[in-house]
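Subject: A structure for you to look at

Hi there,

Here is the structure I promised to pass on. Please open it alongside this note and read the two together.

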Amino acid sequence: MKITVINGCEKKGVTYRLKEAFLDSFRNDAEITEFYLPRDCPNFCAGCTVCFRGNQHLCKDAVYVQKIEKALLEADLLVFTSPAYVFHTTGAMKAMLDHFGYRWMPHRPAKEMFGKRAVIITQCLGAGAKSTAKDIHDSLSWWGVSYIKTCSFKLMSEIDWNKLPDKKKNEMTGKLKSLASRMRTINYTKPAHTNIKVKAKFMAVRMLQQSLGKQDPGYTDYKYWHENGWTENVRPWKR
Ligand SMILES: Cc1cc2nc3c(=O)[nH]c(=O)nc-3n(C[C@H](O)[C@H](O)[C@H](O)COP(=O)(O)O)c2cc1C
């Protein structure tokens, strides 16, 4: 199986150790591709909207963004990690997610995303790990992913991994190892179920696209939806 990991920071701190605990049992038999931010997607979206207009390959950052997109589309399992920075995901993760605005459902979602599984790992000192996970969850869900497992932790005492009590470390890594063993039992040749929330988003956007298409059949997003048959009876999910 293939796993693509997006690390929300480059630091080899607590977030990194937690992610390693999750990946540990996959290391021997999975093909794992990791991206570290901001190193692997270092620039902000400039708001030029060239991607929204159908030309994502002309984005000034296409060399970074398209490499990440390819790895995301090829993966069976997506893993996103982030510490809480002022209650939210790191600026580097947000900057990368902005680059994928054109893959949100109201625009041109990739059909591959609908059957994917994803894991989000976040942690904070006292508060903000859940809102950090939500920042990432929002994008995944609007990309079309339904199967998203979130593991959010509060350190409470200390942010240096080496100074954290063993009990706390074991509690966190234990949860991640048990999630990993459950994720290993999945048959990844079968796409994940698309849930009612993602289907509802899709159907609402479908109505929007049908109405936009009546006003302008040449509109980029409508054309994409129409060419995929989604404004008709075709759906991007298999189950
Ligand atoms: C800029 C910055 C902002 C942070 N904001 C929060 C926060 O809002 N809430 C919180 O509980 N911890 C916050 N933290 C602590 C981190 O979430 C995290 O626990 C800590 O950086 C250790 O993780 P790491 O070793 O993976 O970097 C912040 C840390 C940094 C560097």
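Predicted model: local features only at pLDDT ≥ 70, side-chain atom pairs only at ≥ 80, totals over all residues.

Residues are numbered from 1 along each chain as its sequence is written.

Let's start with helix 5. Helices (H or I, at least four residues) and strands (E, at least two) are DSSP runs, numbered from the N terminus. Helix 5 covers residues 166–184, and its 19 residues reach 26 Å from first C-alpha to last, close to the 27 Å expected at 1.5 Å a residue (the expected span is 1.5 Å times one less than the number of residues).

Met172, Leu176 and Met183 are the buried residues of helix 5. They sit on the same side of helix 5, because they cover an arc of only 30° around the axis (the arc is that of the directions from the helix axis to the C-beta atoms). A residue is buried if 20 or more other C-beta atoms lie within 10 Å of its own, exposed if 12 or fewer, and partly exposed in between, with C-beta atoms placed from the backbone. On the face turned away from the buried side you will find exposed residues, including Asp166, Lys167 and Arg182.

What covers the buried residues of helix 5? The cover includes helix 1 (14–23), strand 3 (77–83), strand 4 (117–124) and strand 5 (147–154). Leu18, Ala21 and Phe22 in helix 1 meet several residues of helix 5, among them Met172 and Leu176. Two residues are in contact if their C-beta atoms, placed from the backbone, lie within 7 Å.

Next, the largest nonpolar core: a nonpolar core is a set of buried Ala, Val, Leu, Ile, Met, Phe, Trp, Tyr and Cys residues joined through C-beta atoms within 7 Å. The largest has 50 residues, of which Val79, Ala118, Val119 and Ile120 touch the most other members. Helix 4 (residues 129–143) gives the most to this core, with six residues.

Leaving aside neighbours within four places in sequence, Ala118 is in contact with residues including Leu78, Phe80 and Ile148. Ile148 lies in strand 5 and counts as buried because it has 20 C-beta neighbours inside 10 Å. Not counting residues up to four places away in sequence, Ile148 also touches Ile120, His137, Leu140 and Ser141.

Enjoy exploring!

Best wishes
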